Amino acid sequence: MLTESCGDPQEKAQVTQDSGPQSMGLEGRETAGQPRVTLLPTPNGSGLSQEFESHWPEIPERSPCVAGVIPVIYYSVLLGLGLPVSLLTAVALGRLATRTRKPSYYYLLALTASDIIIQVVIVFAGFLLQGALLARQVPQVVVRMANILEFAANHASVWIAILLTVDRYTALCHPLHHRAASSPGRTRRAIAAVLSAALLTGIPFYWWLDVWRDANSPSTLDEVLKWAHCLTVYFIPCGVFLVTNSAIIHRLRRRGQSGLQPRVGKSTAILLGITTLFTLLWAPRVFVMLYHMYVAPVHRDWRVHLALDVANMVAMLNTAVNFGLYCFVSKTFRATVRQVIHDAYLPCTLASQPEGMAAKPVIEPPGLPRGAEV
């Protein structure tokens, strides 16, 4: 599950590894009036260590949550600031998509919608509601159903970024084909196909192993799911980003060498920023997940536990940074955001005026120039 943070407070009954059936008991429980006796293993014992010998320790001891309340504070701030900003971004991009009918705006709008779903399903319902407020006292079926939504939202966000990458690559390297093939209807159909595929590919993650609920070593199914997650969400998308972005940069350099101005459009700058931020922010989570599977489990090593908490926080930051990127790159987006805020503020201002007072004429910002880019 993506919401792998501090562990379940319900400690599982742990069995001492003393030979003989009389020594099998819950840790910390002693007979009244009798001292606790620990029997040393004999050479002729059955040897449970041989049965459970693997890279995971025999007796799972829960690693402490070193981060404490810091993740709760972090996710609360991220949700409180990131969700309103994402909603504002969606409204602004919706206006730009309706006004210009450009495919890039539709892809950015779908990407923002996926980030909103991630903030609601993973940050709020997963980390805050299930992890912090309910302390993971949630039925297993509910947890597994939430897994499907979480992974589907992640797949949709990443794969829509791939659509945006392919669209920018086609526009720069094959402009004639892009003009002939691109249309709002085709763009919407591509987005709908990606969202449907993301939902379908999220279904197998119903059986995702939560490391805080199951202290056993990963099964074959769990390793397959973890590798599928790493491939579909990080390694394959990063490979596509690397190839297409390299082709775009090479194309711009060739233009510069041929004497033409190697103008980097705002859509291309936003694309490079989105893919670079995703690659950097998601790398720690993927690395810690593989380290957990093959080197040291999160359940036992507090350092891996802390690394997973930090990696999850860094990965979720990817859902809130795009607004700053759009504002930094695009003057058109900044003007549209100001217009959205002004339109939302104007009814409140008019409602607060006494009756009979005429409202002052409002000068609306000029419309977008024909052919304006992101």
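**Leucine 271 and its surroundings**

Leaving out residues up to four places away in sequence, leucine 271 touches Leu164, Thr165, Arg168, Asn245 and Ile248. The model is a predicted one. Leucine 271 sits in helix H8, which covers residues 266-294. Is leucine 271 buried or exposed? Its relative accessibility is 0%, and buried means under 20%, so leucine 271 counts as buried. Along the chain, leucine 271 and leucine 325 are 54 residues apart, and their C-alpha atoms are separated by 10.0 Å.

Isoleucine 274 also has contacts with residues elsewhere in the sequence. When neighbours within four places are set aside, isoleucine 274 is in contact with Leu108, Leu111, Leu164, Asn322, Leu325 and Tyr326.

In soluble globular proteins, nonpolar side chains tend to be buried together. Here the largest nonpolar core has 60 residues, and the members that touch the most others are Tyr75, Ile274, Met316, Tyr326 and Phe333. Helix H3, residues 103-133, supplies the largest share of this core, with eleven residues. A second core is separate and has six residues, among them Val288, Val298, Val304 and Leu308.

Helix H2 comes last. This helix runs over residues 70-100, 31 residues in total. From its first C-alpha to its last, H2 reaches 43 Å, which is close to the 45 Å expected at 1.5 Å a residue. Where does H2 have a kink? A kink of about 25° lies at glycine 82, shortly before proline 84. Just after H2 comes arginine 101, which takes a positive phi of about 60°.

Notes:
Residues numbered from 1 in each chain as written. Predicted model: local features only at pLDDT ≥ 70, side-chain atom pairs only at ≥ 80, totals over all residues. Heavy atoms only, no water. Helix = DSSP H or I, 4+ residues; strand = E, 2+ residues; numbered from the N terminus. Expected span 1.5 Å × (residues − 1). Bend = angle between axes of the 7 residues up to and from the residue. Core = buried A, V, L, I, M, F, W, Y, C linked by side-chain atoms within 4.5 Å. Buried < 20%, exposed > 50% of the residue type's maximum accessible area, 1.4 Å probe, protein only. Contact = heavy atoms within 4.5 Å.
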